[in-house]
Amino acid sequence: MRVTADYERSVFINCPFDEAYAPIFEANVFTVIVCGFRPLCARSRLDSSEFRLDKVLDLIAASRYSIHDVSRVELDEGSALPRFNMPLELGLDLGCKRFSPSRKNKSLLIFDAQPYRFQKYISDIGGQDVASHRNDPALAVASIRNWLRAESGRSDLPGPAALNVRYENFKRDLPRICVRLDVQPAEMTFVDFCHGVADWLEGEKKP
């Protein structure tokens, strides 16, 4: 697959999509957009004709940057089994970087909730730097900003404290943004949320 025009600014986000994780997921997406990058995830496209794994592979191949959160290790209440989608997609991305000559410059940020916990259940990545967000959106924002700053070489990214202040302002303004977009906060899709962040940024530029 050819590298797309948006490859250099695309960030694939591989994480849980449950309600408990939503505050961190939304903070991740906000940070990526405000830093000038393009977030992608499995919810970016809702074409029922696509096989999910093919969609994920396409998104991985289209993104120079990826955020992989492997913190969801608890047993599912319904099946009493752990969920392996996140580690699987991490493995696919590592393979893409290793075996695709045109994607050797891919950069990954791996998250867990607690430091060094991942060594107990996915020890093959024990030699890699894994960030801990401790289930705190503010820590996730700081880690993502610092990673994008280091890996992209861009010097125009706002600092972690400034980003977190802006994120709190965005959350405060979100009900008004939803009115403008004619959508309820609880029914916002991933695409709606991205549009909401973009709308807020446009308003922020106005005097």
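Strand β1 (residues 10–14) runs parallel to β2 and is joined to it by 3 bridges; helices (H or I, at least four residues) and strands (E, at least two) are DSSP runs, numbered from the N terminus. Within this pairing, Val-11 has Pro-39 of β2 as its bridge partner. The model is a predicted one, in which local features need pLDDT of at least 70 and side-chain atom pairs count only at pLDDT 80 or more, while totals for chains, interfaces and linings use all residues. Residues are numbered from 1 along each chain as its sequence is written, and side-chain values use heavy atoms, with hydrogens and water left out.

Turning to the helices, α1 (residues 22–34) packs on α5 (residues 160–181) at an angle of about 115 degrees, with the axes 11 Å apart. Axes here are lines fitted to C-alpha atoms, for helices over the stretch in contact, and angles run from 0 to 180 degrees between N-to-C directions. The two helices are therefore roughly perpendicular (65 to 115 degrees; under 35 is roughly parallel, over 145 roughly antiparallel and the rest oblique). Contact (heavy atoms within 4.5 Å) involves Pro-23, Glu-26, Ala-27, Phe-30, Thr-31 and Val-34 in α1, which meet Leu-163, Arg-166, Tyr-167 and Phe-170 in α5.

How values were computed: Two strands pair if DSSP finds at least two bridges between them.
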